[in-house]
Amino acid sequence: MMRKLLSGGLCALLLSVSLSGTAMVQDAPLVLQRDGRLISLEPYAPNIVRVTFGVNRAAVMNPPGYGFVAQPSARGWTHTRDAAGGDVFRSSKMVVRVPPGALAPDQLLHGLPLDALNRQFREKYFGRWKDPDTFNDALKITDAAGKTLLRMRTWTMAPEPAEAAQANAGTKDLRVAATFESPADEHYYGLGQQQQGWMDLRDHEVRCWHDYAALGGESVCVPFMVSSLGYGLVWDNSSKTVVRLGFNGQNVWSSEVGDRVSYFVIAGSSADEVYEGYRRLTGVTHLLPSKVYGYIQSKAIYPTQEQVLAVAGEYHRKHLPLGVMVVDFLNMTKQGNLDLDPARWPDPAAMNRRLHAMGVDTLLSVWPHFSKGSLFYDMLARKGWLVHTRNGVPDPGGFKAVIGPNIDTTNPAAAKWFWQQIRDRYIKPYGFDYVWLDETEPDIDPAKDVFWIGSGRRFYNVYPLFHTASVYDGFRRDLGDSRRVMILARAAYLGAQRNGTVFWSSDIVATWDMLKRSIPAGLNFTATGLPYWDTDIAGFLSPVIPADYRAAHKPLIDGSDVRGTIGNYEDYPELFVRWFEWGAFQPVMRAHGERNHNEVWSYGKQAEPILAKYLKLRYQLLPYTYSAAYRSYQTGAPYMRALFMDFPHDPKVADIPDEYMYGPAFLVAPVTEQGATRRTVYLPAGCDWYNYWTNQRLHGGQTVEVDAPIDTLPLFVRAGSIVPLGAGEAGVGQAQKVASVKVYPGADGSFALFRDDGTSYRYEQGGYSVTRLTWNDAAHRLEHAGAPAWSGPDSAVVSVIGEVHAAPTN
């Protein structure tokens, strides 16, 4: 009853056949043969299936590429044939239909009619009428109710261009592509980081590869896209990939190098169900150390330990909370020596002891470059542990010789050695807490290079996955579960979220335009399934400021008292304040940049109290943020959430680039226009909203204009929300006590308040507590169950917005 499987008698799928003709699928792919072409359908969960097309059996049967950790599971899947002879692959969540090999003419893709003589002339002058490298193996995926999620029409496997083959020194790579239908009402999100200002990726071409020099700011490729129709697509190819979405009613994914077309489809009745599928495929997002959710102070660069201690001491003196101080790059005696220049860092261990006594941890930048003449260069070159050209020569790219080539951490021996040096030269002797892995694209273009795992063209995008894993795996292996990992990295790939990693938007320019573009860049990055992303608050690179520069509008912050910091960039304090306000509602809050000074007191007497206000608000929100982060660990879903995730039935939110949800309660609408003191905000339909600052209640589904003076970030809270708050001045080194709980009535609501030690991985084995807070709107009552969250009467802690006194609770 089944279609013949692989030739040669190989049965790739074991079936238990019932009398009804339905076959129960076992844990092996269903492989269909179509005139020498192979189609593999391999389930990983009831809502996840891997689809592979190819002409080479070994390539089709190989497991997915780098980044994936899940194992196939066909539990609950069945295989049948329909009346037309097509194959139907079904679970409780999705249905995959593959037509028989011989499609009827009216089922094939074709253009408008053209007579035979025209075809003859065109073929003579322009080549074959039909592309011999494109195949009409259609595929349709629906949900269990029959709603179409995805329809693939063709796939392509073609020789690479002649110039590429010549550059590859005779190797013959193939280009692969797949074409899908793009309904007019479908919208797309994710695909890593693009900084051109897009939110909805429809009608855009996404160049999915790591490109430091990309327009607007560095692009980062994570080939996972979420559709508004209720599915996610993970493209299983690590070479340079172009994704064209929506043009002429089609989506085209095209990769430079591949021996098959391979992708995963994740069905989900909600965005979070799609992210649960991504988590299953690529790994969890671990909780970060609790201090990392506070505030990270950085500058390019604090060049001495004296400056680091002075800055931290000033925060302490001013009673301003601080979680982490950063020791940035250029800290070695020579790039690659993996040391600290003793002239500038005479006693790093003592420095860290003093910082720890103030409740402040440290983040140390360790570059992956090794220059000629440095302590380890000759050994690394001899072992082949540096990224090198095809003739074995280490590749320094276009950088000066004092920088040198990258270490090849795709090589497990090199990766282990790199971690051991960090452990034994920085962490154990000096007490540094976390590691900043900069330059992790790698920043030297690997297209003409060779990694240990293979050619740089084939594995163009995977370096950040391996490089961050070298440190994360070493931490977990050598230091056990008692110490949480935090890695700051500049690029990412599928699965890199499982390496305790925070990703940032790279060396962006400090302008109002970049502030505006950064918001959708971050929303699409987190929509890719990597919850931890941040920016250098107020940008890294200074723009070129003309001598006669004047702000477009009168600056809202007078910076005349800090000219030594801002020069003649007169509206920069205003930009810093607006960016800082937004930074308080990023997954991680971190200030950085090329400036003389970069602390909250560095931008003038008018700016300092506003910056202190939002710094303290960040710490007030820690019980809420930390609980939202735990939910990301549980589900894989981000807590910096583009509006499509929570309001899928409101078409107006499909392409709003400058509003988002921070956790389940807060709608954040940053001000991105210089001189603006008001802005419009769309309040999504389906619920009521409260202005956080005034407690005014408003109906959803409308656009409102709100006051936004320089000290006010437009901020709204969804009705039904429960928001636990801590003390804004408490450091996160202390147990974050719940100081108050705000309830916003108008709908039923719930919140899981999560607490643990904040430093270890004991939560993985149940070492934590949860308090379940529930608001019954009809009864106007807050109930709580589980671990006690506060001492004393509820009336001293709980406040219901709009009421003079707290509602009675049990």
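**Close-up views of a predicted model**

**View 1. Helix H8 (residues 412-430) of the predicted model**. Its 19 residues reach 26 Å from the first C-alpha to the last, close to the 27 Å expected at 1.5 Å a residue. H8 bends by about 35° at Arg 423, and Arg 423 is itself buried. Other buried residues of the helix include Ala 414, Ala 415, Trp 417, Phe 418, Trp 419, Gln 421, Ile 422, Tyr 426 and Ile 427. Among the elements covering the buried residues of H8 are strand E22 (361-365), helix H7 (377-383), strand E24 (434-437) and helix H9 (463-479).

**View 2. An open sheet of seven strands**. The strands run in the order E3-E4-E5-E19-E16-E15-E13, with antiparallel pairing. Strand E3 (30-34) and strand E13 (188-190) are the edge strands, each pairing on one side only. From one strand to the next the twist averages 20°.

**View 3. Pairing of strand E5 with strand E19, and helices on the sheet**. E5 (residues 48-54) and E19 (residues 261-267) are antiparallel and share six bridges. Val 49 has Val 265 of E19 as its bridge partner. Helix H4 (residues 271-282) packs on the sheet, touching strand E4 (37-45), E5, strand E15 (224-227), strand E16 (231-235) and E19. The direction of H4 makes about 135° with that of E19. Helix H10 (residues 512-527) also packs on the sheet, where H10 touches E13 and E15. The direction of H10 makes about 85° with that of E13.

View 4. In the model, the chain over residues 636-723 is 5% helix and 39% strand. The end C-alpha atoms of the stretch are 21 Å apart.

Methods:
Residues numbered from 1 in each chain as written. Predicted model: local features only at pLDDT ≥ 70, side-chain atom pairs only at ≥ 80, totals over all residues. Heavy atoms only, no water. Pairing = 2+ DSSP bridges. Helix = DSSP H or I, 4+ residues; strand = E, 2+ residues; numbered from the N terminus. Axes fitted to C-alpha atoms, helices over the stretch in contact; angles between N-to-C directions. Contact = heavy atoms within 4.5 Å. Expected span 1.5 Å × (residues − 1). Bend = angle between axes of the 7 residues up to and from the residue. Buried < 20%, exposed > 50% of the residue type's maximum accessible area, 1.4 Å probe, protein only.
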